[in-house]
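Work through the following exercises with the sequence and the model open. Each task is followed by a solution in steps.

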Amino acid sequence: MRVLGVRHGATRVADDATVSGDMSRRSRDERALLREAVRLACENAERREQPFGALVVRDGRVVGTGVSTILRDGDPMAHAEVAAVRDACRSLGTLDLRGAMLACSCEPCPMCHAAAVLAGISRIVYAATKDTAARHGFALSGVAADMQSTWRAKRLDPVEHVPTEGADEPFVRFDERART
Ligand SMILES: [Zn+2]
């Protein structure tokens, strides 16, 4: 199988999946997946990119990863979650990710939420909340914030916060890099 970890640095989950087919098929704990998304986000922050990472998981296997490349690409839509969805679609050769889960280092914005829904993703979990992001200067504003709160209030989506140890660490590292 493809080694998922190469593009964004060696990842423990991808390494496990590469080493053993059995391990790649096992059901993976959501918290472990979120810790991996947080780890990708930390790595990205160390590269002086924005501190966000995401994984797409299907049938217990990581099928896509993504990090924010907003600063590198000068692209305000280059969010980690969109990158992970694209990676999963390319990796699986499909536009249909029904049954897959998106694990995000931080609460997804409305664009990423919509991208996941369009691809058929059935569950979205995230580690850091939008409030944590806002404390570090990553607040949604205006229409985007309205869209997010409207969707949440209507409970139209399968988005769930899963408290995760170290969820704020990518932001801390980003702030440290910004000071040096
Ligand atoms: Zn987004």
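**Exercise 1.** Is Val57 buried or exposed, and where does the residue lie?

Solution. Val57 has 25 other C-beta atoms within 10 Å, so the residue is buried (20 or more other C-beta atoms within 10 Å of its own; exposed means 12 or fewer, partly exposed in between, with C-beta atoms placed from the backbone). Val57 belongs to strand S1 (helices, H or I of at least four residues, and strands, E of at least two, are DSSP runs numbered from the N terminus). Its C-alpha is 9.6 Å from that of Ile121, although 64 residues separate Val57 and Ile121 in sequence.

The model is predicted: local features need pLDDT of at least 70, side-chain atom pairs count only at pLDDT 80 or more, and totals for chains, interfaces and linings use all residues. Residue numbers start from 1 along each chain as its sequence is written.

**Exercise 2.** Which residues touch the most other members of the largest nonpolar core, and which element gives the most to this core?

Solution. A nonpolar core is a set of buried Ala, Val, Leu, Ile, Met, Phe, Trp, Tyr and Cys residues joined through C-beta atoms within 7 Å. The largest one holds 44 residues, and Ala37, Val56, Leu102 and Ala103 touch the most other members. Elements giving two or more residues to this core include helix H3 (30-46), strand S1 (53-58), strand S3 (101-106) and helix H9 (169-179). H3 gives the most, seven residues.

Next, take Val56. Leaving aside neighbours within four places in sequence, its contacts (C-beta atoms, placed from the backbone, within 7 Å) are Val63, Gly64, Ala84, Val85, Ala88, Leu97, Ala100 and Leu102.

**Exercise 3.** Where do Arg48 and Asp59 lie, and how exposed is each?

Solution. Arg48 is in the loop between H3 and S1. With 13 other C-beta atoms within 10 Å, Arg48 is partly exposed. Its phi is near 65°, a positive value in a residue other than glycine.

Asp59 is in the loop between S1 and S2. Asp59 counts as exposed because it has 11 C-beta neighbours inside 10 Å. Phi of Asp59 is also positive, near 50°, again in a residue other than glycine.

**Exercise 4.** Which residues of H9 are buried, and what covers them?

Solution. Pro170, Phe171 and Phe174 are the buried residues of H9. They line one face of the helix, because they fall within an arc of 95° seen down its axis (the arc of the directions from the helix axis to the C-beta atoms). Their cover includes H3, S3 and helix H7 (130-135). The face turned away from the buried side carries the exposed Glu176 and Arg179.

Key. Two residues are in contact if their C-beta atoms, placed from the backbone, lie within 7 Å.
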